[in-house]
Amino acid sequence: MTVADAFPIRTTCPYCGVGCGVAARPGGGRAVAIAGDAEHPANFGRLCSKGTALGATVGMEGRLLRPEIDGRVVPWEAAIKRVASTFARTIQRHGPDSVAFYVSGQLLTEDYYAANKLMKGFIGSANIDTNSRLCMASAVAAHKLAFGADLVPGCYEDLELADLIVFSGHNADWTHPVLVRRMEAARARGQSWVVIDPRRTDTADMADLHLAIAPQSDVRLWNGLLADLIRRGAIDQAYIAAHVTGFDEIAGALGKDDQGPAAVAADCGVDLADLERFYALFAATPRTVSLFSMGANQSAQGVAKGLSIINAHLATGRIGKPGACPFSITGQPNAMGGRETGGLANTLAAHMDFDPESLARVARFWGAPRIAQAPGLKAVDMFEAVHDGRIKALWIMATNPAVSMPNAGRVREALQRCPFVVVSDVMAKTDTTAFAHVKLPALAWGEKDGTVTNSERRISRQRPLFPAPGEARADWRIIADVAGVMGHAEAFDWRGPAGVFREYARLTAFENTSRVLNLAPLIAQTPDQYEAMAPVQWPLTADGRGTARLFEDGGFSTPDGRARMVAVQAQAPASATDAAFPFALNTGRVRDHWHTMTRTGLAADLCRHAPEPFVEIHPHDAARAGLTEGALTRVRTAQGEAVVVARLSDRQRPGGLFMPMHWTDAFAPAGRSNPLIGQAVDPRSGQPEFKHTPARIGAYRETWRGFFIDRAAHEAPRQLDLIWRRAPQDACHLHEMAGRGDDRERARLIGALALESAGETLTFEDPGSGAFRRAILRGDRLERLLFIAPANRALPPRDWLVSLFEQPRLAPEDRLSLLSGRRIGAAMDASPVICACLKVRQGAIVRAIEAGAQSLEAVSAATGAGSNCGSCRPQISGLIAEHTPQAGADRHAA
């Protein structure tokens, strides 16, 4: 039986918070065919480029397969004993708050529950926080203030029913592309889109209106909208009277400032006519969904931004109704599960907090001997406590804080200082495992068995496709084993993930008279029923059916059942730009990568759209800084420095910079963005400010550039001061490099790359110009290739040379032209890859357009581009407009 013929295993994608269903057909070894699950209600068979490429990421390359202590492989019993005894000894000597867990939205709900129970119930500290603190903690705080609990009111169906979608700090076409595909039918019937974002993103290109607001002016914009709705008489007085408190206080607070459209437009840096168009459109459209994500949340004003959006919906009664709600979209596959189980330091468990009644209830349920009495340290404060020595033992699970945390250089200092660091991970070598005293091998996607909750409160199963490799274990089991050695075996005596889930479900229902999160109908599941569990949205009815929308009856989770409108004020950024740091640095994601690339970096197809780290800068700013397209650029802040490639684009506001956050030591050690980010956080949520860091830019001024292609991946030679970037290819790895040294540096580089090793060597060297080229062959098979040139000399395109590594043997004509770097005869298309799913380059799309394909459908039919996940469709539309005069004129007129 072939892979394609195998019966599909229905599981859930491990990337964003959409929670797409995947139909996987495992074959021999680690082979698996991936398709979207047509029956899953989140995606109905659609997958994005990352989900489509999952089959390329499940190999064993780089896996951590056995426990290690100080770099030595040890039996599980020894590793568990070391972790348990060191934590117990640290707690005995320094108290429970001297230890901490830092966990992840990559964990399953069962893993989260086990970790939270051990830390808060049996260690007696609330020092457990999750990397979801970096993603959606501000939305959580806004929900609790407005609704009385962390409750997402809407569902994905609302996106199809709405007549207006507002994307506030949400580049959905890149971060949640399947949701964008779900809205296409609504767009065809006339659904309007407004994008609020300082950058002109691909989502903005698709929108009817783009408000390129000044950084951190979101609250001013939304407060101005509320004031405008009041002036128009467009608020819902009956809804407010019946279901909302705080409106009069907000109306009074708004009256203290000039809320006129002209003043708001000036403060936000947008055109007055565009602002008035948005305000009128919002006022006239009852079915409005306001999506907000990282652009709103990752801010020192994140809670205020969320509340200002929610206020507009409460004032107009646009909540709890089909096609109308404020909708926070999460970034990780189980950020919601972490919120539900209590994975945040400031929540207790199962949507209960640290009030006396909840503490007593959870302690009774767990039989907890020393339950934590108060909230613990949030992520930034936690690592600061590691740095200053208050936390002496830290267990990191399924995340890479040495890359992903703000001020990442200081986080590395903290990990280096920490007396005891444990890391549970699937990969043996990450920026964070480099600091681990103990490494514990965990299961990866395709091996995990449990549940996740997506952004619309839908619980879905992740199911194993392969047996556990090596000695890897489930995270919940590792936690239970440590708990057992610490003396708590009876409380953690689960036989499998179904038992963990049943206990969690029981906790949600325990003495529950008012909490919306209640999974009582799932308590009695047998292991077989758990295995077969279909996706379901909570809250559940008595017969186990899910609920799509919350607050349909106007009742909220506050003591009086009424929603709270909370007054918020526009504020200046936490750190202001000045003469020394005149630019506002914004960081975020690219289309095809995920977090710190430990998974997507394994798939060559996902490395083509953005193969190396970059800084996006407006052409006028670049000209003033003496930067050109592709120039190596130093980006400096008060915290650190990065060197990346300049991308000039009028998509970026003048005065603003954008850098992606994905690159690590393994891919581009000088290209990491988060060492540049400060430690400013929202005072209520603790979520860091990733969207506004004062920065300056300048040319790197390298003396030489080069590239190195090898069948194996290499890290930057430690003994050399190089700018180094690695991009995986289908049959090799492309390493781009540059330096500011002389011929002696080049000689050391050649030695470090083992280019003097056995094999046939072809060399071209021109001492006069500084050019150097060398190829290493074994027989007729190309093994390694190095090209170096002075910075003022061009290097050949890489694509043809990379393709030679796919050949089992070099053709004579290719061997002849190898060191020239250029193919004899027709040139190879080296234009950018637009469609990652089908590897369609820009050149092929342009040729199709020039041959008469002047619509998305026609280009898709001719090239395949845009026919799978659709994330590239805005770029295709831009190419159609650029290369079709009439289409461009029509688009400009629109």
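Q: How many helices and strands does the secondary structure of the chain come to?
A: This is a predicted model, in which local features need pLDDT of at least 70 and side-chain atom pairs count only at pLDDT 80 or more, while totals for chains, interfaces and linings use all residues. Residues are numbered from 1 along each chain as its sequence is written, and side-chain values use heavy atoms, with hydrogens and water left out. Helices (H or I, at least four residues) and strands (E, at least two) are DSSP runs numbered from the N terminus, and on that basis the chain comes to 32 helices and 34 strands.

Q: Which radius of gyration does the chain have, and what would a compact globule with 894 residues have?
A: The radius is taken over C-alpha atoms, and the globule rule is 2.2 Å times the number of residues to the power 0.38. The C-alpha atoms fill a box of roughly 80 × 70 × 60 Å, taken along the principal axes. For 894 residues a compact globule would have a radius of gyration near 29 Å, which agrees with the chain's 27 Å.

Q: What percentage of the 894 residues of the chain count as buried?
A: Buried means under 20% relative accessible area, exposed over 50%, and partly exposed in between, with a 1.4 Å probe and protein chains only. By this criterion, the buried share of the 894 residues is 62%.

Q: Which residues touch the most other members of the largest nonpolar core?
A: A nonpolar core is a set of buried Ala, Val, Leu, Ile, Met, Phe, Trp, Tyr and Cys residues joined through side-chain atoms within 4.5 Å. Leaving aside its neighbours within four places in sequence, Trp 395 is in contact (heavy atoms within 4.5 Å) with residues including Val 83, Phe 87, Phe 101 and Leu 440. Apart from this core lies another, of 55 residues, among them Ile 165 and Cys 872. Of the 126 residues in the largest core, those that touch the most other members are Phe 101, Phe 278 and Trp 395.

Q: How many residues of strand β29 are buried?
A: Strand β29 (residues 733-739) is joined antiparallel to β27 (residues 704-710) by 7 bridges, and to β28 (residues 723-728), also antiparallel, by 6 bridges. Both faces are covered, with His 733, His 735, Met 737 and Gly 739 buried on one side and Leu 734, Glu 736 and Ala 738 on the other. The number of buried residues in β29 is therefore 7 of 7.

Q: Is His 595, which has a positive phi, buried or exposed?
A: Most residues other than glycine have a negative phi, and most peptide bonds are trans. With a relative accessible area of 15%, His 595 is buried.

Technical notes:
Pairing = 2+ DSSP bridges.
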